[in-house]
Amino acid sequence: MPSLSQLEEGVIQSDHEHLGRYYFHANSSPAPVDPEDQNDEAVLVDDVVTPTLLFTENDTNFERLYGGHNVTPYVKDAFHDHVIPGHRPPLPKAEKVKVDTTPVVVKVEKKSKVGTNGSTSSSSDTSEDSEDYDSDATAGTSTPTTESAQPTYVEVEEDTRHFVNPEKRGTKAGAHYVFSNVPANGGCAVVRLKLTTKTAEEDPSVNDEEKFDMVVEERRMDSDEFYSRFNSGALSDDLRNIMRQALSGMLWTKQFYMFIQKEWIEGDPGQPPPPPERKHIRNMDWKHMHIEDVLSMPDKWEYPFFAIWDSAFHCIPLAMIDPSYAKKQLDIMTREWYMKPDGALPAYEWNFSDVNPPVHAWATFRVFKIERKMHGREDLHFLERVFQKLLINFTWWVNRKDSSGENVFEGGFLGLDNISPFNRSEKLPTGGTMRQADGTGWMGFYCLSMLNIALELAKHNPVYEDIASKFFEHFLFISDAMTYHDGEGEVSLWNDEEGFYFDAITWGPGAVKQLPIRSLVGLIPLYATLTLEPSTLKKFPGFTKRMEWFIKNRSAISKRNIANMSLGGKGDRRLLALANEERLRRILERMLDEDEFLSDYGIRSLSRHHKEHPWSMDVNGEEFSVHYWPGDSMSGMFGGNSNWRGPIWLATTFLLIESLQRFYQYHGSKFKVECPTGSGDEMNLANVADEIVRLCFVSFVRVLKPDSVSSASNTVSFTSLLAITSEVLNKDPHFRDYVPFHGELHSFLPFKVRRTLLKLFGPQSSSTPTAGRDSVLLIRLAGLDWLPTSVIYNASKQLLERLTNVPAFTVWQTGSSARLPRTPRTPRSAAAHYFDEIPATPGGSEYEFSDAPIWGEMSGAELSPDDL
């Protein structure tokens, strides 16, 4: 730790063995300024506020925490005790001081007052304000006297303790500024601090406030220039602001994380030993763990530890601004001091053995392609190194999470916390085994991600072509297992009557029960989607030959549960997907139903159907149920803000959007569905993806509320719908640029009202706005500068950085594919713009957009997610 001491007033000198000497300058500050005095010119203030430098040691307060003994009287929470008297511990022995509180009674003796006529009178009025008073003419005595009274005493406690070091040295220091009478409603107080290796004599900007402010302004300009690189396309100021705050939030969450399993088990030297049972609880099997790295945290304050699938999502926007750091995050999680020898990846600190969704391969390939697209670098060594480690992890999944060997995966809670009536990380109270639709869907997604990477690597090393064939066949076996064998018969995770995938509990042959809960569990199989370009098949003849052999000789597998791979789609592409066309339509019918999954802000994690129809099951007299809870969870399972029974989670919604884009790449514009269900408005899947993206951004953009809306003969009042919209947050210049990062979102605004707004105010009154027309329309409703919202949200600090990563990348993605409305482009030019000569799967180089609109009205979703 550094050695800190006060060098002079307002200056702390820091000396460190490796870092050398630094100076912390805490300058005197001008007194607070009234908002009326603020203008574009400098405000001169005579009064100053001089800070008091406080010093203590960065040592744990053992006395307060454990009732132990402190080595030093000055501990790390000393500043709290110094500044806040109510935080101080009680005096061990009150030091009583007697204070005489006897009242002093003054008796004024009567005096003679000489009148103007020379007469005298007796009076007790000695006031200088009394009539005819003349001090020089006053006769007699007026000396006050004290009446004798019995003295009384009270005992008061005098706190003479020093909480900070009066010698002004230690290993922890702070500057204490006290600003009194700060004006309300925009009053300004300024503090100027600087940490530098230079003294004030060596650095003129330390004491020269004008030069100091100039340095700050230069750094502000540097920051503006840095973020301006991502302002591609026709992004509005509001969207740029959202993206900038999201990206800066991602940079802010970098934090040093240290977990050494041996020390965690045995305890830290010099501190009380941990309880003996720690050697026999969670994480005891992770003996190899030795982490001392700077990691991206979900939240540095409330949850300052990594969660591996959160980290994977973090790396997508981080690749935009710091690709080296993003790659290191993904690489390091697969290293031998993180990954278990058997191939398991650590889930999170609370229990490393829990299982997070296998998104690491997807994120790795995403980061690789983002760096290639944005920075022009192709880091094949990174891609291959992580891929090799993920081969071990994939094998672990196959061996450990497929207990029956039938490619139906259990997985456990898989990051979805309380989405099931049972804690899926523990043994089922019903007995038996949970066959998880989401676990199997995730593994299909994992398999296709590995296939994608193998094809990319095969462009440089033909060995990987065989590995790509291995993952192709494994995907088919996983897809086949969605209808798995049960003794002599078969049991499916697909429910044909409900048109949805469900988890199932099996107790043995013939004893199976589906859990008909409409949740994200049944949507996750849509993630397992990949399109193969015809040029890819030409480039890899060995892979193509093996694929065609399998389709021909294993037709029972290749035609069941999945899309028809022998039938070419748009541009003669081939589709690998767990959901065939019929099942896709039925799933989307529910997903796009406002009474089920579709809300004003994205896709709910649990169908709203369960608000009126909760599901429950009695197990030995105990009820296990699932209710629709759009805010905090009312279940003790995983805590209130870890709720997957209604709230919208943007990371999982992001993957659904990508899946719809991939399906569009195969089906094209001919495949249309109602959006929302029952509205009569049909959209292709690219437009559906755009609509969901737009809905996801509604909660982040600025809301400007009119009292009423009128257009021609239509008059619509939204006063009630906008009752909770804050004028301050949306209009006040001190608040309007701060993006509200809600924890969990739920809405009640009907889709018909939203469409009414579009018809009233949209420049294209008959159509839904899309990113391809103008990215500004994406979330501002076709030029509408306000949007009525009704939000119930849980402002969970935990979710801040989980949410910021998705908007940051999606805003950039939207802007990169945006252009002015109705700008003519040729189909080939449009395709080249979207694909940047990197087609949907590696190896291809042909553009085949036979139905691309001549006028360049291509949706932003038509850009394959694999190419972004």
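Two strands pair if DSSP finds at least two bridges between them. Helices (H or I, at least four residues) and strands (E, at least two) are DSSP runs, numbered from the N terminus. This is a predicted model, in which local features need pLDDT of at least 70 and side-chain atom pairs count only at pLDDT 80 or more, while totals for chains, interfaces and linings use all residues. Residues are numbered from 1 along each chain as its sequence is written, and side-chain values use heavy atoms, with hydrogens and water left out.

**Overall**

- The protein has 23 helices and 35 strands.
- Of its 868 residues, 51% count as buried; buried means under 20% relative accessible area, exposed means over 50%, and partly exposed lies in between (1.4 Å probe, protein chains only).
- A contact means heavy atoms within 4.5 Å. Among contacts between residues at least 6 apart in sequence, 72% join residues at least 24 apart.

**Strands and sheets**

- Strand S24 (residues 503-508) and strand S25 (residues 511-515) run antiparallel and are joined by 5 bridges. Within this pairing, Ala-504 has Gln-514 of S25 as its bridge partner.
- S24 and S25 form a hairpin with 2 residues between them. In the turn, Gly-510 has a positive phi of about 80°.
- An open sheet is formed by 5 strands in the order S14-S1-S2-S3-S16, with antiparallel pairing. Strand S14 (169-170) and strand S16 (193-196) stand at the edges with a single partner strand each, so one side of each is left without a neighbour in the sheet.
- Strand S3 (residues 20-26) and S16 run antiparallel, with 4 bridges joining them. Phe-24 has Leu-195 in S16 as its bridge partner.

**Helix H8**

- Helix H8 (residues 360-375) has 16 residues, which at 1.5 Å a residue should span 22 Å; the end C-alpha atoms are 22 Å apart, which agrees. The expected span is 1.5 Å times one less than the number of residues.
- H8 is mostly covered, with 13 of its 16 residues buried.

**Salt bridges**

- Side chains of opposite charge can pair when their charged atoms come close. A salt bridge here is a side-chain nitrogen of Lys or Arg within 4 Å of a carboxyl oxygen of Asp or Glu.
- A search of the whole structure finds 34 salt bridges.
- Arg-192 forms a salt bridge with Asp-213, and their closest N and O atoms are 2.9 Å apart. Arg-192 lies in the loop between strand S15 (172-176) and S16, and Asp-213 in helix H3 (residues 209-228), so the pair ties together parts that are 21 residues apart in sequence. Arg-192 is buried at a relative accessible area of 10%, whereas Asp-213 is partly exposed at 36%.
- Glu-371 and Lys-327 meet through their side chains in a salt bridge (3.1 Å, N to O). The pair links distant parts of the chain, with Glu-371 in helix H8 and Lys-327 in helix H7 (residues 323-332), 44 residues apart. Glu-371 is buried, with a relative accessible area of 2%, and Lys-327 counts as buried at 10%.
- A network of salt bridges links Lys-327, Glu-371, Arg-377 and Asp-379.
- Arg-518 and Glu-498 also meet in a side-chain salt bridge (3.1 Å, N to O). Arg-518 lies in the loop between S25 and strand S26 (529-532), and Glu-498 in the loop between strand S22 (494-495) and strand S23 (500-501), so the pair ties together parts that are 20 residues apart in sequence. Arg-518 counts as buried at 11% relative accessibility, while Glu-498 is partly exposed at 22%.

**A buried charge without a salt bridge**

- Arg-574 lies in strand S27 (residues 574-577).
- Arg-574 is buried yet has no salt bridge. Asp-572, the nearest side chain of opposite charge, is 4.8 Å away; Lys and Arg count as positive and Asp and Glu as negative, with His and the chain ends not counted.
- Not counting residues up to four places away in sequence, Arg-574 touches residues including Leu-530, Leu-532, Met-547, Met-565 and Tyr-666.

**Aromatic pairs**

- Rings of Phe, Tyr and Trp (its six-membered ring) pair if their centres lie within 6.5 Å; planes under 30 degrees apart count as stacked, over 60 as edge-to-face and the rest as tilted.
- A search of the whole structure finds 33 aromatic pairs. One of them joins Trp-396 and Trp-397 edge-to-face, at 5.8 Å centre to centre and 85° between the planes.
- Trp-396 and Trp-397 are both buried.
- Ring pairs also link a cluster whose members include Trp-309, Phe-313, Trp-362, Tyr-527 and Phe-654.
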